[in-house]
Amino acid sequence: MTRDICVIVPTIREYECVRAYAENAREHGFDLDRLEFVLVTEDFCETESMETMLDEEGLAGEVFDGTAREQWYREQGIAEYEHLVPAASHAETSFGLLYLWANDFEYGFFIDDDTLPHPDYDFFGRHMANLAYEGEVTSVSSDEQWVNVLYQNVDDHDLYPRGYPYSAMDESVEVGTEHVDDVVASQGLWTNVPDLDAVRILMDGDLQGQAETRLDASDYGEDFVAAEGQYLTVCSMNLAFRREVVPAFYQLPMDDNPWDVGRFDDIWSGVFLKRACDVLGKQVYNGAPLCEHNKAPRSTFGDLNNEVPALELNEHVWEIVDGAGADADSYARVFEAMADALVETDVDYENDEFLTFVGEHMHDWLDALETLEPGTTAAEAAPADD
């Protein structure tokens with residue numbers, strides 16, 4: 001079968017997780033020849049050991065440290081867009097998106113290196129089945145226009161995931177069903193350490209960046225989508241997606257910016273993706289396959305320092321883009337409209353200049369994709385579902 005899936009793994013230490021995902025594929029009969037692994041790392045990491053691991057597992061793939069990324073940008077003629085991917089940041093997953101785009105992969109996976117697949121799930125197969133799913137599915141909404149992806153057992157654990165607005169808590173939830181026929185992203189959820197922000201971790205009584213409360217498979221029920229017009233947190237630790245979403249799925253420029261904003265790359269990109277999906281009639285599927293999240297101990301206050309500069313912005317960024325690109329006919333046009341909304345917004349929030357910074361980078365993202373594959377994001381490009 002054609003190699004059509006790009007598996008993007010940002011890693012600086014726990015790269016051996018790749019072996020577990022490869023073994024899961026073998027055990028469940030998933031064709032490893034469909035996969036190409038892209039390990040995004042740094043010059044100070046064990047790049048040769050990573051390459052050896054891929055060889056030992058018989059996996060196609062490449063390892064890109066900082067030097068290798070710079071060379072790739074030059075070879076592709078996009079060195080002027082190198083600033084889009086911050087070094088030593090989780091947001092360097094955007095490099096994987098550029099690689100996917102340049103090499104015509106039809107599907108992408110994000111896997112964090114502190115996760116492991118659950119043996120009961122065919123990890124790759126289940127995600128691919130989710131992307132192909134057509135039929136009835138549980139649909140969730142709330143009176144706050146936000147869906148807590150941990151809603152199913154919230155009465156017991158009282159958890160809200162990283163990036164969920166504080167102003168949208170204590171929402172009234174409605175659960176129904178809807179027909180889906182165009183799933184473009186599959187978000188798998190997680191057991192063990194929940195994906196929380198630093199404030200919530202502190203409230204849970206943990207100073208080591210994890211959480212005292214832990215999750216298991218019983219905390220989840222049926223798979224679901226967030227209804228049209230509703231937002232949700234999208235965590236990139238366990239995620240599959242179609243190539244078509246890449247123009248609207250840039251992982252935002254975190255950590256290396258004048259405001260020291262971090263930790264919102266996948267959260268805000270998920271907001272923008274959901275807006276694009278609502279405009280274009282697409283869906284984000286949530287639930288299985290679960291992964292085991294084994295977040296390493298680290299200072300909760302370190303994460304807090306990264307999050308505080310944008311905590312107020314996170315309460316409002318979704319409101320700024322909500323309604324943008326209503327008449328757009330492609331992901332690129334919706335993304336462009338959201339970028340314009342961020343650049344042009346006149347608000348008085350802490351570090352509000354960061355919104356302009358993000359919007360400008362979003363425009364550059366579309367230009368970089370256009371350089372890699374001319375005609376794919378230009379104004380005359382075909383609608384996303386053509």
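Predicted model: local features only at pLDDT ≥ 70, side-chain atom pairs only at ≥ 80, totals over all residues.
## The nonpolar core

Let's start on the inside. The largest nonpolar core takes in 127 residues, and the ones with the most contacts inside it are Phe 124, Phe 241, Trp 268 and Phe 272. Helix α12, which covers residues 353–372, supplies the largest share of this core, with 10 residues.

So what does Phe 124 touch, once you skip its neighbours within four places in sequence? Its contacts include three other phenylalanines, Phe 30, Phe 37 and Phe 109. Val 7, Tyr 21, Asn 24, Ala 25, Leu 35 and Ile 111 are also in contact with Phe 124.

## Two leucines in loops

Have a look at Leu 84, found in the loop between α3 (66–76) and α4 (93–102). Is Leu 84 buried or exposed? Its relative accessibility is 0%, so Leu 84 counts as buried. Leaving aside neighbours within four places in sequence, Leu 84 is in contact with Tyr 250, His 361, Asp 364, Trp 365 and Ala 368. If you compare Leu 84 with Gln 71, the two are 13 residues apart in sequence, and their C-alpha atoms are 15 Å apart in space.

Now try Leu 59, which sits in the loop between α2 (47–57) and β3 (60–64). Leu 59 has a relative accessible area of 7%, and because buried means under 20%, Leu 59 is buried. Along the chain, Leu 59 and Asp 33 are 26 residues apart, but their C-alpha atoms are separated by 7.8 Å. Again leaving out neighbours within four places in sequence, the contacts of Leu 59 are Val 18, Ala 22, Leu 32, Phe 37 and Leu 54.

## How α1 meets α2

Two packed helices are described by the angle between their axes and the distance between the axes. For helix α1 (residues 17–27) and α2, the angle is about 15° and the axes are 10 Å apart. That angle is under 35 degrees, so α1 is roughly parallel to α2. Their crossing is right-handed.

Which residues do the meeting here? From α1 come Val 18, Arg 19, Ala 22 and Arg 26, and from α2 come Met 53, Leu 54, Glu 56 and Glu 57. Sorted by class, that contact has four nonpolar, no polar and four charged residues.

## How α10 meets α11

Next up are helix α10 (residues 311–321) and helix α11 (residues 331–344), whose axes come within 9 Å and cross at roughly 125°. That makes α10 oblique to α11. The crossing of α10 past α11 is right-handed.

On the α10 side you'll find Val 317, Ile 320 and Val 321, which meet Met 338, Ala 341 and Leu 342 in α11. The class count for this contact is six nonpolar, no polar and no charged residues.

Where can you find a cis peptide bond? One joins Ala 288 and Pro 289, with omega at about 5°. Pro 289 itself is in strand β13, residues 283–293.

Two aspartates are worth a look too. Asp 158 isn't a glycine, yet its phi is positive, near 60°. You'll find Asp 158 in the loop between α6 (154–157) and β8 (173–180), and with a relative accessible area of 58%, Asp 158 is exposed.

Asp 260 also has a positive phi, about 60°, although it is not a glycine. The loop between β12 (238–242) and α8 (265–280) holds Asp 260. With a relative accessible area of 48%, Asp 260 is partly exposed.

Technical notes:
Residues numbered from 1 in each chain as written. Heavy atoms only, no water. Helix = DSSP H or I, 4+ residues; strand = E, 2+ residues; numbered from the N terminus. Buried < 20%, exposed > 50% of the residue type's maximum accessible area, 1.4 Å probe, protein only. Contact = heavy atoms within 4.5 Å. Core = buried A, V, L, I, M, F, W, Y, C linked by side-chain atoms within 4.5 Å. Axes fitted to C-alpha atoms, helices over the stretch in contact; angles between N-to-C directions. Parallel < 35°, antiparallel > 145°, perpendicular 65-115°, else oblique. Left-handed = near helix turned anticlockwise from the far one by under 90°. Nonpolar A, V, L, I, M, F, W, Y, C, P; charged D, E, K, R; others polar.
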